[in-house]
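I opened my notebook to look a structure up piece by piece. Here is what I want to see before I write anything down.

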There are 2 protein chains.
Amino acid sequence: MKYIAETDFTEILSSIRDLIEKQNQGALLNLLIDLHPADVAEFLTDLKKEERKYLFHLLPTKIASAVLTELDTPIVDQIIENVSDQRLSTLVDIMDSDDAADIISELPDEVAQRVLNRIPDKVSDDVKGLMLYGEDTAGGIMALEFVAVNENSTVNETIDEIRKAHEKNGTIHNIWVIDTNNILKGSVSLTDLVLATEKSRISKIVKTDVKFAHTDMDQEEVAILFRKYDLVDLPVVDSLHQLVGQITIDDIIDVVEEEASEDISLFAGANDEEIQEDSFLKISIIRLPWLMVAFVGELIAATIIQQFETTIIQLIALTFFMPVIMAMGGNSGIQSSIIVIRGMATREISVESTWRRFFRELRVSLFIGFVFGLIMIVVVGLLQGNFVMGLMIGITLNIVILQASLFGGMIPFILKRVNVDPALASGPFITTMNDIFGLLIYLAILTASIKYIV
Amino acid sequence: MKYIAETDFTEILSSIRDLIEKQNQGALLNLLIDLHPADVAEFLTDLKKEERKYLFHLLPTKIASAVLTELDTPIVDQIIENVSDQRLSTLVDIMDSDDAADIISELPDEVAQRVLNRIPDKVSDDVKGLMLYGEDTAGGIMALEFVAVNENSTVNETIDEIRKAHEKNGTIHNIWVIDTNNILKGSVSLTDLVLATEKSRISKIVKTDVKFAHTDMDQEEVAILFRKYDLVDLPVVDSLHQLVGQITIDDIIDVVEEEASEDISLFAGANDEEIQEDSFLKISIIRLPWLMVAFVGELIAATIIQQFETTIIQLIALTFFMPVIMAMGGNSGIQSSIIVIRGMATREISVESTWRRFFRELRVSLFIGFVFGLIMIVVVGLLQGNFVMGLMIGITLNIVILQASLFGGMIPFILKRVNVDPALASGPFITTMNDIFGLLIYLAILTASIKYIV
């Protein structure tokens, strides 16, 4: 397998395009057969829909199967649309159990059933078993391919087990040690195995403080375990502490990336899968709900402003500064909530330190509000030639920033307590609420003090 | 080392607090000595500043050194404030080279110099060498601890090398193969080593298609290599292709998390390090610049509105819908830009597909704009009893959403072309620009059509 440098990528991509157009299957195969499946997947992703299907159709089973596991969901959906059940079964049959389960759960129910019927019983039972676990749990991301030996085995016997597993699984890092009831007892690293004498018993070199996940553990918790303890693989046990699977670091990197992307996308009321999606209608429908939340919220803001029509007619200049009030409230609120949400996601913020953080946000927003309030007094005073008005708008801005930061900082905590993903709360929701409160505070305070201003 | 379940964490933390208050050093040591350094680091993070310093002071050198490498920068800074040069040198001396370089580069220059002078020449030369590389490059994150053997070695000799390295380095996954000039030739996995006979030559089992990084490769590129090819470690070479270091997956998980956090934080004009920061003044100063950008932008918006004072006096209802226009523009713009920025960060969006994505965004925003424009006509028509006004505001909303999505989607591409981090552009900047353009479009169109409305 060849390693493609970034600089060669564009060149090879355009050769592939050329060859597809010329329908030169021989040359295409020659080019692709040497590449790492991850590279083929990257080329497929960058092609147009029809080119993708053509190219995938050409790939030999082994490569096609490996490539399929590297692709993102929307692309997989497109590609397998036109693949026969027969070929799909062959492709799935040679995948690792966790990849097979992922692909099959993407299929429409009847297709999935037909594919499962065509693959050997052993494989299909494994896949069905895996599909029972929640998608975002340790059970959902674990594979059934791992090496486990009894604590009474010798090093030599263990090496034989590795030889058998290696042909199917590739690289191995840790061997799990179990007793006769399949209960997880410990681990042996390959390093320790290499350094042990061949006839030693595994029980002599086993490490018994092995870390593990339960099948129902959330994948984000699993990722935190990997990150905290610098793991490369982790055994998964059921409620009886029996070894049922293994999670490897390459799946965890994807989880970390995915969870971070989810946070950032939820933040915008967008969706990460969009990136690969081709249908503009699907994308629009993904985006509409959050925009609708914002839309309705801002219509409420519109009726609030309407209530203050009399004040606005008396002092039209109030409308000039509405955007500043809204934007400063919105931005301060988002800053507070991002810090809190990221802190909770990476576990750097614990419930213990909630109150400390709350008071810190209070001080930060008081300071920031004070700075901008002061500038506002000067700016409005100079622009409008009315320093009383400047003073009132400055004070209001101070209060709005304080309110927005506390609101933005506290909402994620509250949601966390009631077990809702805090990232959901952010972006459009917090901004819209802060627009409403900000305008209400602004117009109310200025209405109350209008006799001193005009 | 014990493994702490999440449920026990709070309980142990409060015991630690109790013992610190009672100054019961013996019991504290007994408790801490069994824990994984990552757990000790987590406890330290959750303690108050003075408690942290007290506890860290108690730790035996070996544990203290390991804990120090697990902590985040602001906490490290606090803790080492009061640690003597003598102790700091001892702590740094037993760290892996990359961790030592990280800690030393955090120190004030004179302190760093004094610490470097106290540690053995070999170590201090290594650390100084590493500190020459850019912080975010392969050279900056690599370690000098790895196992390399000559291609002519036997398996047995290689195992001896592993034995020597193991005492210092812990777990090993791949052995790098070099020639007599230290040029990287390939790799041997531990799995292959275990399965080979003891007297085989390494040249028989070496894989020559090994992936590698150059010292100046960006850490984000390195992370993409790990993720794409499912690596657990990667050799680093200099410009002569000589092997100089190794990057392991645990460092990469941190990079992935860090880069995603950076994107999400830049988005809010915030900063990830804030999470651990205690000083409210420092946090405020980090947040002020982006808020200032928004502030100035919205003041420009204020003067724009002022230009349309005559229109607003004629039709005060225009001010009611200013928030809707601003919010819909802002949110659509952010959605477009987040999709593009995440796509570029995870490499799912290539320059090749730029135009395709541009046209997709165009269609999405036309559709979304049409939907909300239509709703707006009805809502304004009913609320204001004026359907001509509703029609004009609806059309304007349509145009503003189109403008904002294209602006939000294109700016990151443009910044990427001129080599600026696209995440920088987003959040406050895009929202503010869209507020300005949105209000300008809104007020200009309605001013032009006011004779039909009033």
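**Entry: domains.** I noted at the start that this is a predicted model. I looked up how chain A is divided. I found domain 1 (6-133), domain 2 (148-260) and domain 3 (279-453). Next I checked the centres of domain 1 and domain 2 of chain A. Taken over C-alpha atoms, they are 29 Å apart.

**Entry: one helix.** I picked helix H6 of chain A, residues 73-80. How many of its eight residues are buried? I got six, so I wrote "mostly covered", with buried meaning under 20% relative accessible area. The buried ones in H6(A) are A:Pro74, A:Ile75, A:Val76, A:Gln78, A:Ile79 and A:Ile80. Then I asked what covers these buried residues of H6(A). The cover includes helices H3 (37-46), H4 (49-58) and H5 (61-70) of chain A. Helices H7 (85-93) and H8 (97-106) of chain A are also among the cover.

**Entry: chain B against chain A.** I looked up the contact and found 126 residues from chain B and 126 residues from chain A. The two chains bury about 11,600 Å² between them. Carbon and sulfur atoms hold 66% of that area.

I then turned to the pairs across the contact. I found eight salt bridges between chain B and chain A. One of them joins B:Glu42 to A:Lys228, with the closest N and O atoms 2.5 Å apart. I also found 15 residue pairs in polar contact, both residues at pLDDT 80 or more.

Last, I looked at the side of chain B that touches chain A. Helix H17 (residues 280-307) of chain B gives the largest share, 17 residues. By class, I listed 65 nonpolar, 24 polar and 37 charged residues on that side of chain B.

Technical notes. Residues numbered from 1 in each chain as written. Chains lettered and ligands numbered in written order. Predicted model: local features only at pLDDT ≥ 70, side-chain atom pairs only at ≥ 80, totals over all residues. Heavy atoms only, no water. Domains from an automatic or database assignment. Buried < 20%, exposed > 50% of the residue type's maximum accessible area, 1.4 Å probe, protein only. Helix = DSSP H or I, 4+ residues; strand = E, 2+ residues; numbered from the N terminus. Contact = heavy atoms within 4.5 Å. Buried area = accessible area lost by both parts, 1.4 Å probe. Salt bridge = Lys/Arg side-chain N within 4 Å of Asp/Glu carboxyl O. Polar contact = N/O pair within 3.5 Å; in protein donor to acceptor, adjacent residues only side chain to side chain. Nonpolar A, V, L, I, M, F, W, Y, C, P; charged D, E, K, R; others polar.
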